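Thanks for coming, everyone. Please have the viewer open.

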Amino acid sequence: MDQSQAPVLEALAAHHANPLTTFAPPGHKQGRGADPRTLATLGADVFRSDVLATGGLDDRTASRGILEHAQALMAEAVGADRTFFSTCGSSLSVKSAMLAVAGPHEELLVGRDAHKSVVAGLVLAGIRPVWVDPQWDAERHLAHPPSAASFRAAFAEHPDARGALVTSPTPYGTCADLAAVAEVCHAAGRPLIVDEAWGAHLPFHPRLPTWAMDAGADVCVTSVHKMGSALEQSSVFHLRGDLVDPAVLKQREDLLGTTSPSTLVHAALDGWRRQMVQHGRALYDRALDLAGEVRARIAALDGPHVHGREDFCGEGLAADLDPLQVIVDISALGTTGYRAGDWLRSHHQLSLHLCDHRRISAQLTHADDAATADALLAGLCELVAAAADLRPAPEVHVPGPGRLRLEQVLLPRDAFFGPTEQVPIGKAPGRIAAEMLTPYPPGIPAALPGERLDEDVVEYLRSGRAAGMLVPDSADPALESLRVTAGNGGR
Ligand SMILES: Cc1ncc(COP(=O)(O)O)c(C=O)c1O
């Protein structure tokens, strides 16, 4: 195929040159109806390109195959059999993949470090999760993806499980041994879904960790807005092999997706693929070199510790690390990542990626350069100098690895949709959660519907909230009370 083409962008350019007079959505009609104050901020071009996909950019029957062509180019670029674009983020793509593999009451092996969108998929579909423990780094209070051996053991115990889902890279950039996990799945005759939301760039440079399809995965879900240069909400899911039927996958996506996909999002995905095919190698050569320099400069600071492969990879830890996720432990400064992140934003106009109880992280991409690296380093230098002002930080009680794992007592769907009650947080231990409780970022639920809450996890959430942790999905935003299943014999 001709990878210099960009069918959606080209069709949009043709539309701009010869616009339709439209009597169909969107109602702003290429911006003519948009409020001038809105146009002043968003720019007229955003509205000009916000064109109905089918029946606008393409005709009523999509006879020009514009989207199909763009998806086929993406599939060829990365070596997948099929690629589907989605305008609803990986939050939707990952659910589509799950529903294509398992149905109500069927089992799916899932790494317990899954994103909340995966848990939402379990709730919606009534899938029975078989949790696979991540590899916990007890010293650093961090979870890396589960090992292949853990998936093998889970398949041995649950031979009827329909497949497996693993998150790799994690938001901290650490990767599973995907080839080994895929081998375990295929030995069981089951598909592997990889939530590669953080890995859109991986196919495009050999110095980056192996991407899911090269490792033998069957379905791979990616957020192109996270590490790539597509617009927010842009996601793709790729398919390879014959363990998942493409028609089933498409129908599951259709069940969940919008009937009004954004042409802006499709166009940005199309442009990203062409950019990566033509320039990805050079862009990531530069980004990886920059990441190396940034890491060395942070390592020279007194206090912060920048994590590399030596900390995160090896036996019982992760298989690989994306060096573009620059994770910095600041616990030696005597403060929390929440405080440090807020301080860097208010004093240095810096917006960081992850801030947790002891870390901050800077996500670097091909869009960074010496100037953004200097701004980051200047902020970090002054953070070190100002650390005394950020002390003492409230302590977060992080339980040890074994204590973070709660017992799944009910199906997530039953706990979520069944009768519930709101109890004061002090009375929650022993009760069964009926909601997700997700420290954000990174968005991995500390507790989820159907799990029996215990003192440790409740205290982690309570102390975390007091220290600045966000738990956006709890029914009570103040986290003074928790939603639990009603009358289920808890204390
Ligand atoms: C591991 C993981 N999977 C899925 C998602 C959902 O992606 P999106 O924001 O594109 O919906 C996220 C979002 O942070 C994530 O971290």
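**Helix H8 and its two sides**

Start with the face of H8 that is turned away from its buried side: Glu-183 and Ala-187 are the exposed residues there. A word on the source. This is a predicted model, with pLDDT of at least 70 needed for local features and 80 or more for side-chain atom pairs, while totals for chains, interfaces and linings use all residues. Numbering runs from 1 along each chain as its sequence is written, and side-chain values use heavy atoms, without hydrogens or water.

Terms, quickly. Buried is under 20% relative accessible area, exposed is over 50%, and partly exposed lies in between, with a 1.4 Å probe and protein chains only. Helices (H or I, at least four residues) and strands (E, at least two) are DSSP runs, numbered from the N terminus.

Now, which residues of H8 are buried? In this helix, residues 178–187, they are Leu-178, Val-181, Ala-182, Val-184 and Cys-185. They cover an arc of only 160 degrees around the axis, so they sit on the same side of H8. That arc is taken from the directions from the helix axis to the C-beta atoms.

What do they pack against? Helix H7 (148–157), strand E6 (164–167) and strand E8 (192–195). Contact here means heavy atoms within 4.5 Å. Just after H8 comes Gly-189, with a positive phi of about 75 degrees.

Next, the charged pairs. Side chains of opposite charge can pair when their charged atoms come close. The salt-bridge rule: a side-chain nitrogen of Lys or Arg within 4 Å of a carboxyl oxygen of Asp or Glu. That rule gives 18 salt bridges.

One of them joins Asp-289 and Arg-207, at 3.3 Å from N to O. The two come from distant parts of the chain, 82 residues apart: Asp-289 is in helix H11 (residues 263–299), Arg-207 in the loop between E8 and strand E9 (219–223). Asp-289 is partly exposed because its relative accessible area is 43%. Arg-207, at 46%, is also partly exposed.

Another bridge pairs Asp-329 with Arg-358, at 2.9 Å from N to O. Again distant parts of the chain are linked, 29 residues apart: Asp-329 lies in strand E13 (residues 325–329), Arg-358 in the loop between helix H13 (337–348) and strand E14 (359–363). Buried or exposed? Asp-329 has 7% relative accessibility, so it counts as buried. Arg-358 is buried too, at 15%.
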